[in-house]
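Please open the model in your viewer and keep the selection tool at hand. The stops below each name what to select and then describe what is there.

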Amino acid sequence: MKDVLIEAKDIQMYFPIKQGVIKRTVGHIKAVDGISLKIYEGESLGIVGESGSGKSTLGRILLQLQNQTNGDVFYKGEKISGISNRKLRPFRRDMQMVFQDPYASLNPRMSIGELIEEPLLVHKTVATKAERKKRAEELLETVGLPKQSYDKYPHEFSGGQRQRIGIARALSTKPSLIIGDEPVSALDVSIQSQVLNLMKDLQDEFKLTYIFIAHDLSVVKHISTRVAVMYLGRIVEVATKKDLYEGKLHPYTEALISAVPSTDVTQKKQKITLTGELPSPANPPVGCAFHTRCPHVHDRCKQERPDLVEYKPEHFVACHLYTEKSE
Ligand code: SF4
């Protein structure tokens, strides 16, 4: 039996749309619209979706950097949503985030040493300055940078090196969970694999659990053990990596996988091009939110929203093609 590290129960995040001088609420952006999800200790869950699918908002809610409109988050069985900042602090220490843009996420006026030591100061985990410096230098070496980097500043490093610094900073409090919000998407492809390999090694070394947010399936393929696919604020499919890549069910997942470049030159894949834009989360389509772009759309899809159901053991899908089969 796998232990659940973090669990989201029926999370909704509706951002109000304000208009006019008195800022009247005229509608809501349904960024996350009813997500329940368990993340197990030691796993690496990829969350994939187009920009606007709500994946980053979900990541921030899991860490409680953002309060949800409805639903609850549990960490190691304890409810962490709706509790005070003071009570949240020990949980925050155990959950860290690596951000997308290594240029924007590091304060340019702070030295690398100060940046890595900052979480230690906030969480009061290392008592003396000498101990903090020793820990920061060790972390620099852990992520493949010389300890002499301690006195340098972010502008003296390349994008890949800065992301290594971001990872060292995230590791400083010895967390159990790291959420990477598109941590390699701002980097060159050659550097991406180096950073992904580093993250994989660190996961083994420090027994970390990862949630890896990305906009395409090629990046998460290398690092995930399980993948959840999001579309317009909802999960449409979640399965082990093998089941998802080799036995995908949802038409949206099929289109995403068809866009992943194949490394096998003998295998010719037909790319499925989705027509139309992602609909606005302020006004999602009635029924299945994907029906405006789905090549398999039928009448039921335009009226009834499909629930996420377990079609096969540990393989969940939200699509009428599969519920109709069992009826
Ligand atoms: Fe396509 Fe219908 Fe399935 Fe939605 S429910 S993905 S529209 S077949």
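Is Ile257 buried or exposed? Select Ile257 in helix H9: with a relative accessible area of 8%, Ile257 is buried, where buried means under 20% relative accessible area, exposed over 50% and partly exposed in between, calculated with a 1.4 Å probe on protein chains only. Helices (H or I, at least four residues) and strands (E, at least two) are DSSP runs, numbered from the N terminus. From Ile257, draw a C-alpha to C-alpha distance to Val236, which is 21 residues apart in sequence and 14 Å apart in space.

Before moving on, note that this is a predicted model, in which local features need pLDDT of at least 70 and side-chain atom pairs count only at pLDDT 80 or more, while totals for chains, interfaces and linings use all residues. Residues are numbered from 1 along each chain as its sequence is written, and side-chain values use heavy atoms, with hydrogens and water left out.

Next, select residues 6-257, which UniProt lists, in an unreviewed entry, for "domain: ABC transporter"; UniProt positions are given in the numbering used here, feature names are shortened, and annotations may be inferred rather than shown by experiment. The end C-alpha atoms of this span lie 27 Å apart, and the span is 38% helix and 29% strand.

Now turn to the rings. The structure holds five aromatic pairs, a pair being rings of Phe, Tyr and Trp (its six-membered ring) whose centres lie within 6.5 Å, with planes under 30 degrees apart counted as stacked, over 60 as edge-to-face and the rest as tilted. Select Tyr75 and Phe91, an edge-to-face pair at 6.1 Å centre to centre with 85° between the planes. Because Tyr75 lies in strand S4 (residues 70-75) and Phe91 in helix H2 (residues 85-94), the pair ties together parts that are 16 residues apart in sequence. Tyr75 counts as buried at 2% relative accessibility, and Phe91 counts as buried at 14%. Elsewhere, Tyr231, Tyr252 and Phe290 can be selected together, as they form one aromatic cluster.

Two lysines come next. The charged end of Lys9 sits over the ring of Phe74, 4.8 Å from its centre, and Lys2 lies over the face of Tyr40, at 4.4 Å from the ring centre; a charge sits over a ring if NZ of Lys or CZ of Arg is within 6 Å of the ring centre and within 35 degrees of the ring normal.

For a backbone stop, recall that most residues other than glycine have a negative phi. Select Gln64, which has a positive phi of about 60° although it is not a glycine; Gln64 is in the loop between helix H1 (55-62) and S4 and counts as buried at 4% relative accessibility. Then select Leu232, whose phi is near 45°, in the loop between strand S9 (226-231) and strand S10 (234-240); Leu232 counts as buried at 5% relative accessibility.

Finish with two further loops. Pro285, in the loop between helix H9 (251-258) and strand S11 (309-312), is buried with a relative accessible area of 17%. Asp216, in the loop between strand S8 (209-214) and helix H7 (217-223), is partly exposed with a relative accessible area of 27%, and its C-alpha atom is separated by 23 Å from that of Ala282, 66 residues apart along the chain.
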